[in-house]
Structures are given as structure tokens and as C-alpha cells.
Amino acid sequence: MEQLYYFFGSLFLFLALGVPISLVLILCAMVMMYTSGMWDAMTIPNIMLDGANNFPLMAIPFFVFAGEIMAAGGLSKRVVQLSQLLVGRVKGGLGYAAIVASILFAGLMGSSVGEAAALGGLLLPMMQQVGYNKGRAGGIIASGAILGPIIPPSTNFIILGSTIGGLSITKLFMIGLFPGIFLGLGLMAVWWFIVRKDGYTETITFSRAETIAILKDASPAFMLPVLLLGGIRFGVFTPTEGGAFCAVFAIAVCMFYYRELSFRDLLRVSAAAARTTAVVMLIVATASAVGYFITLAQIPKHMTTLFGPFIESPFMLLTIIMCFLLVAGMVMDLTPNILIFAPVFYPLILEAGIDPYHFGLLFVLNLGIGVITPPVGTVLYVVCGIGNIKLGELVIKMLPFILIEILILFLLVYMPEVSLTPLRWLM
């Protein structure tokens with residue numbers, strides 16, 4: 001039990017001191033190794049190498065690369081235009097278009113930060129031009145960005161599936177599809193009330209010729225998630241091979257169909273994708289070292305003892321875990337949270353008889369909400385930077401969206417069939 005205190009004490013101490021997360025994880029691993037009495041300078045580097053050398057994780061650089069290509073090669077603009085075509089005729093059409101675009105982007109990029117950056121750069125100037133409150137406009141962009149970790153292909157589900165042995169990444173992808181769309185509909189319901197409260201009246205209309213041109217241009221963006229999920233579902237390729245398919249498809253469309261991505265641009269995008277992948281994989285490697293000592297110290301067993309009184313009541317257990325993760329998501333980013341807490345909580349929920357895929361959905365959705373909550377919400381700072389919005393103004397104006405997302409999270413906790421029934425249909 002002492003190792004449990006050493007782990008959480010060192011983790012939150014180093015975070016409070018502002019140490020970068022990858023160094024925090026290495027320091028936590030060193031503290032746990034020292035307190036366990038097995039100091040060896042080569043143990044942590046060897047574990048880090050083994051943790052990064054994981055075949056399912058190869059999908060991450062492919063999906064990151066594909067997302068960077070889409071953002072730079074014209075697909076982003078077409079997705080926004082398609083969203084405006086679908087819902088722009090309604091009052092407050094730009095807000096509805098932002099939510100629809102978030103759903104479509106989630107099926108292309110699988111990253112909340114990338115989604116917020118791409119949509120923010122395109123839609124925030126348009127929203128401010130027609131008179132939207134800056135904080136409200138940024139709020140709808142930021143709140144829609146959490147669909148990226150839920151709707152497939154999600155790099156966070158890949159990380160979760162590779163962290164917890166025995167979980168199928170294909171099933172994790174599929175369980176996120178319908179709840180992600182449901183979450184988008186919840187955001188639309190909130191926007192319906194906000195449009196009437198704030199008095200937004202703008203609509204977006206297109207001529208017949210413009211409609212045909214938009215549908216023609218946006219068809220590759222629409223077909224990519226269909227081909228990807230269909231290919232994974234019917235066994236044409238694995239999720240890792242699906243990532244490679246996405247990258248090749250994005251290159252072909254952006255370089256030869258849209259012709260908006262030059263070879264020089266491709267090199268620049270490749271470098272950006274490499275930097276992003278390096279950051280993710282460094283966190284994965286350092287978290288693997290922490291995970292090794294968590295297992296060695298039997299912290300999951302201690303957590304089972306600690307939460308033992310609640311194992312007989314799965315809903316109560318899930319409620320307590322969800323409340324803990326909401327707090328953890330406020331102080332640490334999504335990826336390290338998955339890598340640290342998934343090995344801690346999964347043995348507990350399995351003993352309680354909770355479906356591991358349902359918990360995986362709740363786990364990632366909960367921590368996804370953390371990227372739009374202060375003080376460490378990475379998406380908040382991206383949107384503030386793009387839209388020149390003060391952080392306090394953004395947080396206040398997006399509170400209704402955060403509340404509906406938390407409400408849907410706990411609705412899924414108490415109504416697991418909302419996620420499990422569609423999973424059975426899809427699989």
C-alpha cells in the first residue's frame with residue numbers, strides 16, 4: 001500500500017511543480033524503483049524501449065500523418081463546406097455546421113487538438129464576422145473537438161487497446177461510433193437554445209451549381225471513414241493497416257485530385273507529423289516504465305482492496321471512478337491519463353463484471369472532456385490562440401456544452417445498452 005502513496009504523491013507533486021509530463025513519468029518510475037529497493041540504472045530505459053516496440057502503436061504515426069495531410073491539403077475546407085450545405089439553412093447555421101464538421105472531422109483525424117486547430121482556423125473568423133460572441137464561437141469549436149477521441153479512427157482507443165492486453169482495437173473503434181454521434185446531437189440541442197437566447201439569425205444558402213460542386217469536392221472526405229471502418233469491420237485490413245490506407249488515400253486525394261498539396265508541402269507535413277508522433281511515443285514509452293512498477297508494486301490489487309466495498313455495485317463503482325477521472329483530466333492530458341490509469345482501473349472493473357469495452361468508451365470520453373476543462377485543457381489554449389479569446393471568457397461561454405457532455409457521460413454510465421447494443425449490431 002505504501003507504493004500506492006508514493007505513486008500518487010510523486011505524480012501530483014511533480015505535476016504541481018510544472019514539470020513536463022514525460023519527465024514526470026520518468027521521475028515517478030524512478031521514485032517507485034528506488035522505494036521498491038531494486039535500483040538499476042538500465043531498467044527504466046529497457047522498459048521504455050519495450051513499451052514503444054508495440055505493433056498496434058504503429059497505427060498512430062499513420063493516422064497522425066493522414067490527419068496532417070488532410071488539414072494542409074484542402075480536405076478540411078471541403079468538410080466545412082459540406083457541413084454548411086447540410087445544416088446551414090437553419091438559423092445559427094454556422095454553429096450547427098461546426099458540430100457536423102466536428103463529427104466528420106473525427107472520422108478523418110481522430111485527434112481533438114488537430115480537429116480544434118483545423119476547424120478553429122476555418123470557422124472562427126466566419127463566426128466572428130457574422131456577429132457571434134467570440135467566447136461562444138470558440139466554445140462550440142472546443143466542445144466539438146472531444147468527438148475526435150471517441151469517433152473512429154481514434155488514436156486514443158489505439159493507445160488504450162495496446163495498453164490493456166486482450167482488448168480488440170476494432171471493437172473499441174466500433175463502440176465509439178454511435179455514442180459519438182449521440183454526443184454531437186446533444187451539442188446541437190444545446191446550440192438550439194443558445195441561438196434563441198443570443199439571437200443569432202444568420203443562414204447559409206448555396207445555388208444548385210455550388211451544391212453540386214461541394215458534393216463532388218467533398219465526396220472523398222465522406223468516403224474515407226466509410227472505406228476505413230468498412231475495411232476494418234469486414235477484415236480487409238487491421239487498424240494498423242487502416243492507418244496506412246488513410247495516409248495513402250489522403251496523399252492521393254490532396255496531391256492528385258484537389259492538387260492543393262505540393263511535394264514541398266508533403267515534406268513539411270511529414271516533419272510536423274514526425275514531431276507529433278515523437279511526442280506521443282515518448283509519453284507512451286515513459287508511461288510504460290511507470291506501468292511496469294505499478295504492476296510490480298501490485299497497485300491494481302491495492303486499488304481493488306480500496307474499492308472493494310463498491311465492487312458489488314457496478315454503477316456506484318463506475319460513478320466513483322468517473323468522478324476521479326474528471327478531476328484527473330483537469331490536471332493532466334488525455335494520453336498520459338490513459339497510460340497511467342487504465343492498468344490501475346481495468347482489473348477492478350473486470351472483477352466487478354463491467355463490460356471492458358463499455359468502460360473503455362466511458363474512460364476515453366471522460367478524459368476527453370478533460371482537454372476542454374482548465375487548467376490543463378490543451379484544446380482550450382489552441383482555440384484561445386486561434387480566435388484571440390481570453391481563457392476565462394471561453395470557459396464561461398462553453399459551460400452549457402461541458403455540462404451536456406458530462407450529463408451524457410453519466411447517462412452512458414447508467415444506460416450501458418446505449419453503447420453495447422450498437423456494438424452488437426456492428427460486430
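Trainee: At roughly what angle do the axes of helix α7 and helix α18 cross?

Mentor: Keep in mind that this is a predicted model. Two packed helices are described by the angle between their axes and the distance between the axes. Here α7 (residues 112-129) and α18 (residues 378-387) have axes that come within 9 Å. The crossing is right-handed, and its angle is roughly 30 degrees.

Trainee: Which residues does α21 carry on the face turned away from its buried side?

Mentor: Start with the buried side of α21 (residues 417-426): S419, L420, P422 and L423. Down the helix axis they fall within an arc of 165 degrees, so they line one face. Those buried residues pack against α10 (169-198) and α17. The face turned away from them carries the exposed residues R424 and W425.

Trainee: Which helices do the buried residues of α15 pack against?

Mentor: Helix α15 (residues 314-331) has 18 residues and reaches 26 Å from its first C-alpha to its last, close to the 26 Å expected. Its buried residues include L317, L318, I321 and M322. Follow the buried residues of α15 to their partners and you get α16 (334-351), α17 (356-369) and α20 (399-414).

Terms used. Residues are numbered from 1 along each chain as its sequence is written. This is a predicted model: local features need pLDDT of at least 70, side-chain atom pairs count only at pLDDT 80 or more; totals for chains, interfaces and linings use all residues. Side-chain values use heavy atoms; hydrogens and water are left out. Helices (H or I, at least four residues) and strands (E, at least two) are DSSP runs, numbered from the N terminus. The expected span of a helix is 1.5 Å times one less than its number of residues. Buried means under 20% relative accessible area, exposed over 50%, partly exposed in between (1.4 Å probe, protein chains only). Contact means heavy atoms within 4.5 Å. Axes are lines fitted to C-alpha atoms, for helices over the stretch in contact, and angles run from 0 to 180 degrees between N-to-C directions. A crossing is left-handed if the near helix is turned anticlockwise from the far one by less than a right angle, and right-handed if clockwise. The arc is that of the directions from the helix axis to the C-beta atoms.
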